[in-house]
Amino acid sequence: MAVHTSGQSVAEAAEPGRARGRRRDSAGAPGTFRRGLSTHWYAWTMVAPVVIVIGVIIGYPLVRGVYLSLTDANERNVERSIGVNHLPATYEFVGLDNYADALTGNQFLGTLGWTLVWTVSCVTVTFGLGLALANILNRRIAGRSFYRMMLILPWAVPGFVSVFAWRFLYNEDNGLLNKLLAGGGIDAVPWLNDPTWAKFSVIAVNVWLGVPFMMVALLGGLQSIPGELYEAAEMDGANAWQRFRNITMPGLRSVSTTVVLLSTIWTFNMFPVIFLLTRGGPGEATQILVTQAYKFSFEISPRDFAQSSTWGVLILVLLMVFAAVYQRVLRKQGETW
Amino acid sequence: MTTTNAPAPATAPAGTPVRGRRSPIASAGLHLTLLAASVIAVFPVLWVLLTSLKPASYATTTDFVRETTLRNYTKLLQDTEFLTWFGNSLLVAGLTTVLGVFVAATTGYAVSRFRFPGKRGLMWTLLITQMFPVAVLIVPIYNIMSNLGLLNQPAGLVITYLTIAVPFCAWMMKGFFDTIPREIDESGQVDGLTPFGTFWRLILPLARPGIAVTAFYSFITAWGEVAYASAFMVGDENLTLAGGLQKFVNQYGAQWGPMTAASVLIAIPAAIVFLLAQRHLVTGVSAGAVKG
């Protein structure tokens, strides 16, 4: 198993049952450990840099973050230096109060609701458009490489630049979109200043940003489906829809499940689009969980570190639960992932 | 997944000619769809490019081209800190990339080739850290950096970005090492090389394209990062590009001239490199992320 064929590696890595079994074997007596050390020291030395880095700059902050979420830490009571004076931390442990507050109050649940709407609509529309374009590009059509290049372009531009480009287009008074509408005799649309329009606008931008990746990944999947399958189906008299339904969709399954999972996680955490386009506004209309957590610690005064950490931990838990459930459902359907 | 990087018509399914007959109407429909999609994809970028070439007084008009001028660019380079921000971004993203690739290379190899206790846990950790929302780590890292006096320092941002780059690089490089046949390792061992020697002398040179792609990916990730950069860097001379661009467009008004010029200067080199490298990038995504 040491050599993974590229398709199987996640499947194997992601199987918790086996992971548990393996760990039980190795966590035995010190003798086992010593024997392990002599056989595996090469491997362990090679992974050591990453393990150390992850432990120090991810593990430690993560533990601190979880701890902060159990305290009432804010800007005024954390350890800090003012000039030469060093003030020690004075925040206190409050147990699960922050979690109780978040889960019983309206704000978290409200933001969660919009975050789910945002994620589901972005992923659905992006996947739909990506699949349609990939299917078209997979046909023999003149200028295919040209179209492909054009369609990939949004992916090539750094995300924050694109987002500012869209802000420019969306500008209510003199943005291009409203000028074009005015040319057609339509009143200016408050793209980013009206809660409903703002929601629509941020989703549109995120879809625009996400389609190229989706399209390219699905195109790769399509090109790996053997042409003979289509030929055989055609011989048997299957029409285009039946071929799509029974050959293309199953053939794309492993690619699409992976890109949907990735794209869901990315969209759920999509900080720059919301932050740079609307800052969560107007009001809190477009605030997703991540941007709201950021706001707690960096945009309000006093900065509420505890609340921010609490939201951060909740986001992580939600995503991990989602990934686990997703994987379980797939496995139940016979997918080996 | 070698097929992903072969978009040339030559790879069209063998059966295509047989069923390739399309009515002219269907063809026109396909072309129209693709054209519309291409226009939507390209237009925002093109519009920013055009605007950057217009005098400030016309910046918000719908005229395509009137009085092309480079004044936005000269003003941007002379009167703003753009070059400083550019330098900061270059420094931070470059250091992140080099350190990330350097730290992660051996791990990618070990995970690809060896079975060892702890491997599964490590793979899980690498996978899960990639779904960490910025919100989980940002506060503790901010506080730690603040205590260490590293806020507002490029070094602080580099360390922070390593939290993103290291798991990602390790995961992606594993994908590339997986594509190198194991017989090469075996031949190295027959010739008496240690696992390190095999890695260093045989595998690393072969994996050079994969490493280049991984490096490029982590570079553009760091180049485009917004959340940490906005929170950790303040003061005009410390900003990176993501923070700097925000200066031009804030709630008090917008200087579209310098904003569009800056956007072009940031985007065009990135886009050119990206489009040149994209075939390999797609393979990289499939090897590292999509196919895991």
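## Exercises on a two-chain interface

Chain B and chain A together bury about 10400 Å², with 74% of that on carbon and sulfur atoms. Buried area here is the accessible area (1.4 Å probe) that two parts lose on being put together, summed over both. This is a predicted model, where local features need pLDDT of at least 70, side-chain atom pairs count only at pLDDT 80 or more, and totals for chains, interfaces and linings use all residues. Residues are numbered from 1 along each chain as its sequence is written, chains are lettered from A in the order in which they are written, and side-chain values use heavy atoms, with hydrogens and water left out.

**Exercise 1. Work out what chain B brings to its contact with chain A.**

Step 1: start with the count. 118 residues of chain B touch 110 residues of chain A, a contact being heavy atoms within 4.5 Å.

Step 2: look for the top contributors. Leu34(B), Arg120(B) and Met131(B) supply 8% of the area chain B buries against chain A, more than any other three residues.

Step 3: go up to elements. Helix 2 (residues 24-52) of chain B gives the most to this side, with 16 residues; helices are DSSP runs (H or I, at least four residues), strands likewise (E, at least two), numbered from the N terminus.

Step 4: sort by type. The side of chain B that touches chain A splits into 78 nonpolar, 30 polar and 10 charged residues. Ala, Val, Leu, Ile, Met, Phe, Trp, Tyr, Cys and Pro count as nonpolar, Asp, Glu, Lys and Arg as charged, and the others, Gly among them, as polar.

**Exercise 2. Tally the salt bridges between the chains.**

Between chain B and chain A the tally is zero salt bridges, taking one as a side-chain nitrogen of Lys or Arg within 4 Å of a carboxyl oxygen of Asp or Glu.
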